Amino acid sequence: MSFLRLLSRNRLALAGLVVMALVVVLALITPLLPLADPDVTNTADRFKRPLGDAGLLGTDHLGRDLLSRLLWGTRLSLAVGVAAALIAATIGAAIGIVAGFYGGRTDNIIMRGVDMLMAFPYILLALAIVAALGPGLLNALIAVAAVNIPFFARNIRGVTVSIAHKEFVDAARLSGMGDVRIIVTEVLPNVIPVIVIAMSTTIGWMILETAGLSFLGLGSQPPQADLGSMLGEARSALITNPHTSVVPGAMILVIVMAINLLGDGVRDALDPRLKSGALSRPMPATLVRRDSVPPQPRTEDEAILALRDLKTEFHVKNRVYKAVGGVDLHVRPGECLGIIGESGSGKSVTALSVMGLVASPPGVITGGAVYFEGQDLIGAPYETLRRLRGNRVAYIFQDPLATLHPLYTVGEQLIEAVRAHHPTSRDEARTHAIDLLKSVRIPNAETRIDSYPHELSGGMRQRVGIAMALANDPEVIIADEPTTALDVTVQAQILSLLDDLRRERGLAIVFITHDFGVVAQLCDRVAVMYAGRIVEEGPTAAILGAPAHPYTARLMACVPELGGGRRELAAIPGLPPVVDNLPQGCAFADRCHKATDACREGEVTLVPKGPDRAVRCIDPEIATEAAQ
Amino acid sequence: MAGYILKRLFSAIPVLLGISIIVFLIMAMIPGDPATAILGSYATPENVEKLNRDLGLDKPLVQRYFIWLGNMLQGDFGRSFSLNRAVLDEVMERFNATLILAGTSFVICSVLGVAAGVVSAARQYGLADKAITFAVLLGISIPSFFLGMMMILIFAVNLRWFPVSGMWPIYGARDLSALLSHLTLPASALAVVATGVIARLSRSAMLEVMRQDFIRTARAKGVHERSVIWRHALRAAMVSIIPVLGIQAGFVLSGAVYIEMVFQWPGVGRMLVDAILKRDILLVQGGVVFVAACYVMFNIAVDVAQGLLDPRIKT
Amino acid sequence: MTAALKLSGLSKTFPVGKRLLGPPRAFVRAVQPVSLTVETGETLGIVGESGCGKSTLARMLVGLLEPTTGQIEIEGEPLDNADPATFGRKIQYVFQDPISSLNPRKTIRQIMEAPLRNLHGMDAKARAARIAEIFAAVNLREEFLDRYPHEFSGGQAQRIGIARALAADARILILDEPVSALDVSVQAQVLNLLAGLKAKFDLTYLFISHDLAVVEAVSDRVAVLYFGSVVEVGPAEQIFSNPRHPYTKLLADSAPVVGRALKAPEGRETELPDPLNPPTGCAFLARCPFASDQCTSTPPELVEGETGHSVACHHPI
């Protein structure tokens with residue numbers, strides 16, 4: 001089972017598992033062990049030290065054998081803790097699933113009740129319940145389980161709500177399933193991992209809390225021993241005979257710690273987000289691990305930004321995804337370069353690599369160079385990168401709602417962009433920010449500057465994103481699918497704005513997109529990417545008019561164009577290769593109708609085809625002469 | 001903003017009513033009748049009946065609830081038979097001591113917990129992260145009462161840095177330095193678990209936020225990394241940290257009961273345990289309602305803080 | 001020929017700001033009363049931008065949402081209760097996000113069997129035969145049946161979604177942005193597959209998309225939705241080349257097209273009307289170059305023109 005394999009890979013969790021297994025086995029075989037009766041008092045032999053003549057751990061204030069009491073107490077505490085967790089999880093999950101699945105008024109009423117219970121300070125409610133039921137271990141168990149039910153209910157409700165709104169639940173309805181059936185077969189299997197996680201991470205708590213109530217004298221009653229009551233009874237002799245306190249206390253610590261380690265392991269193994277290693281924070285700049293530095297190209301001296309043989313990989317567990325497998329690109333001042341490709345082609349990673357913004361881990365730049373005005377940025381010190389970011393090379397990202405900070409006003413974010421590079425006063429920066437908003441044609445800039453991103457429409461937000469990129473008059477703007485999340489009518493406005501700005505300001509733009517129409521309208525040159533490499537590059541009109549690479553040609557044929565009426569579309573058979581397992585030779589060979597054995601042998605290089613054009617194909621669609 | 005605070009205050013009314021009903025119902029569940037418990041060996045049928053009448057226990061449940069509620073609203077929480085004192089007076093006095101203890105602990109755990117979580121997340125997998133993660137694990141696994149006992153043994157008995165127990169010296173001035181020296185051990189022992197929980201949550205909240213697109217935007221703008229973490233990431237992470245602070249305040253406030261027992265702190269928790277063991281129902285009832293009501297008010301403050309932080313919450 | 005699907009006055013209103021007791025604070029009309037007819041064997045395309053109500057409309061058609069007003073007729077029979085199970089045999093749905101429409105904890109076989117068992121009460125043998133038939137039709141290998149959804153690419157998962165919809169043996173398929181989560185090279189595969197299936201099984205499609213070119217390429221007729229209303233319906237080959245409603249024209253002019261110079265069809269930044277405070281007249285008023293007083297006061301009705309080209313505009317182009 002993959003779950004156990006994942007769990008065993010986590011050394012700490014394994015340690016917790018071993019300790020817990022040991023404790024559980026000990027607790028299970030306690031009745032079989034040759035132990036003294038835990039409840040027989042012998043006041044003559046009271047407070048015997050451990051490792052003395054009165055048993056391994058000595059005796060307590062009534063002369064009872066501590067080892068025996070410890071094992072019996074552990075048995076009881078474990079049983080009570082686990083029982084409380086099971087009860088709380090079962091009832092809480094049932095409440096949560098019902099509330100989350102049915103929603104509406106049912107949900108509202110149930111959750112108000114849960115909130116009411118959660119309005120109590122936690123242990124206080126347990127105390128009140130014990131006060132009503134009377135002291136005793138069973139009552140302590142009930143109290144601890146009861147106060148934990150709201151936590152489970154709330155947690156499980158949240159998960160259920162998100163699952164109940166998933167499309168597969170709608171699909172199940174359309175398959176003719178009723179509510180109960182959907183809860184049991186569609187919702188529950190997806191909620192169970194969360195219940196298990198919640199239980200494994202709270203079981204330690206439950207043991208602590210029942211021990212706590214016993215410690216206060218409200219749980220197990222004398223002479224019955226559980227770990228909490230042992231500690232409680234030992235308290236009065238703490239100073240004179242600390243071993244009677246240390247023994248049960250240390251046992252609780254060991255058990256709870258082992259459970260917590262194990263619980264974390266279970267969580268890590270079951271949580272799909274953690275499984276893929278996603279829950280790691282990206283470092284300030286992408287990791288660089290390269291052996292050699294390619295020299296700056298001579299021929300592209302006029303280029304402001306030049307990428308040479310750039311290689312960026314993602315290292316996830318044992319797999320290496322070659323997202324960018326050796327990319328050469330350059331952009332001149334005032335030029336707009338388009339990078340076009342399907343998802344997974346490496347176009348965005350290429351763009352983010354320029355300023356070291358690829359999330360690392362798992363991203364690593366493993367080779368190549370990025371020359372900005374002749375200076376290599378790959379492996380440059382963080383401070384050098386920071387001074388260039390947003391100042392000389394700025395970015396515009398795809399989804400303007402996710403890319404703006406939700407808790408700062410537009411103005412604050414613009415002012416920060418300015419002041420990160422130019423020490424100006426707040427007032428000056430604010431005036432500048434208003435000018436920026438006006439330059440991207442935001443109406444009422446003076447009032448809009450104090451809006452939060454969520455108060456603006458998608459198009460407005462993307463204008464703010466552009467304004468932020470312009471804040472320090474950069475030489476280069478890298479726009480990563482800036483209009484993909486927008487509606488067509490808004491997209492048209494944003495594209496024409498970008499086009500005007502670049503002509504007014506002489507900006508170099510690197511524009512990443514998957515849309516040929518956008519490239520055609522905005523870009524001077526275009527590079528087509530497939531499986532992490534550039535397969536074709538050249539002036540936009542030339543490539544769109546006569547694509548040289550079979551992939552470009554066939555991809556263009558796939559895209560329906562407006563005005564063509566109803567028709568059969570050309571399709572490319574197969575799927576793009578996964579970049580952790582690229583084939584030998586041409587990555588497109590498997591989908592290419594012209595592929596021969598030669599395509600699958602050895603490296604296919606990007607060869608020049610006429611002025612300013614290049615293609616990575618041994619049998620291009622057009623002859624070299626025709627490209628001219 | 002004032003409107004928002006007012007709205008939150010109004011929303012507390014049903015919660016407070018709900019709390020009073022829950023407490024009343026829990027106490028009404030008590031098997032046997034309180035009169036027998038109060039009278040003990042003096043319980044003759046006539047005495048029990050008379051006391052039941054005096055306590056209003058012969059009336060129907062709903063009527064009893066409203067009488068009790070009405071009295072409480074007038075500040076009459078009843079009389080504790082075990083202390084022979086007005087419940088409210090006793091609770092207020094004891095709550096004062098608990099507030100000093102829990103308040104100090106709450107400040108310690110909030111500041112330390114959030115700071116540790118942020119540092120831990122910012123240096124994920126680094127030495128500081130590993131050390132903090134281990135300390136947190138230890139902290140959330142140790143029972144606070146056991147920790148308190150060990151602290152007494154080490155810092156009070158062996159090292160003699162702090163007094164063993166109590167809130168004030170038996171002889172000598174009741175000044176701030178005396179209070180602080182008595183407060184240090186119990187407040188720290190009480191803070192440990194909550195610090196661990198807050199640190200753990202802050203770390204994961206920070207990691208979650210650090211992966212968001214707007215952090216990449218901040219970096220792409222060339223903002224200093226220090227500012228990326230403390231200004232951009234922490235601010236967004238606080239949205240999920242603040243509710244946890246609210247819940248942890250409840251843990252600290254009620255978890256104080258263990259520490260008060262260990263350190264002989266004259267707080268409301270110890271009073272409740274004594275009252276439960278003596279079956280002094282009115283004292284338990286009054287104490288629980290009072291503390292819960294204070295906690296509700298505190299949570300309103302938390303909500304308001306959240307509203308100030310996050311403009312997306314409608315005011 | 002009876003219409004496969006007929007909607008009359010179908011609308012949906014959502015409450016906003018629900019309270020524990022008592023009525024909600026406000027209502028938002030996501031879909032204004034819509035009347036449309038889809039002929040048997042036809043593909044009706046529905047286009048509109050985000051927030052225009054196209055998904056709400058689609059969900060009402062399969063019974064996932066109860067309409068506030070109006071009626072749905074399938075092959076002449078009215079369906080008035082929002083029960084997906086009764087809808088399921090007649091009309092099925094293909095979801096936008098192929099992966100999230102498949103339960104991650106079920107095998108493809110379990111997913112495929114659900115409609116066969118629940119809607120048609122087939123026994124195990126009949127189910128296996130039917131699944132084999134459908135899988136052959138959508139070009140999926142039967143070995144996929146015992147795998148879990150996460151093992152599939154978006155294109156494959158969408159084929160499975162289509163196969164599930166076919167399994168219910170419904171004659172009408174609602175395709176809600178079925179290719180917008182897919183890459184263009186895969187998108188064409190799925191669109192062609194859909195066209196083939198339609199011919200093979202005599203299906204009727206309602207094809208919803210925000211991509212004008214895709215809609216035009218697959219539809220017989222196209223309806224344009226704006227702010228919850230149908231503003232224009234017409235034959236696919238006419239509607240974008242000869243738009244009659246100013247909004248349709250704006251859409252057509254905004255789509256980036258190879259070989260057309262870049263210009264913003266709208267000079268100023270414009271926003272959709274506020275759903276909480278809808279305009280009294282035409283919803284497109286604020287963005288319309290031809291707006292008049294009449295547009296401010298009365299909302300235009302959808303009026304049938306020649307060759308089945310209808311438009312809801314006081315001043316059609």
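I count two residues as in contact if their C-beta atoms, placed from the backbone, lie within 7 Å. This is a predicted model, so I note that local features need pLDDT of at least 70, side-chain atom pairs count only at pLDDT 80 or more, and totals for chains, interfaces and linings use all residues. Residues run from 1 along each chain as its sequence is written, and chains are lettered from A in the order written.

I looked up Val510(A), skipping neighbours within four places in sequence. Its contacts are Val331(A), Leu337(A), Ile339(A), Ala351(A), Val476(A), Ile478(A) and Ala479(A). Helices here are DSSP runs (H or I) of at least four residues, numbered from the N terminus.

**Chain B against chain A.** I found 64 residues of chain B in contact with 62 of chain A. On the chain B side, helix 10 again supplies the largest share, 13 residues.

**Two helices of chain C.** I turned to helix 3 (residues 108-120) and helix 4 (residues 124-137) of chain C, whose axes come within 10 Å and cross at roughly 125 degrees. Helix 3 brings Met112(C), Glu113(C), Leu116(C) and Arg117(C) to the contact. Helix 4 brings Arg127(C), Arg130(C) and Ile131(C).

How values were computed:
Axes are lines fitted to C-alpha atoms, for helices over the stretch in contact, and angles run from 0 to 180 degrees between N-to-C directions.
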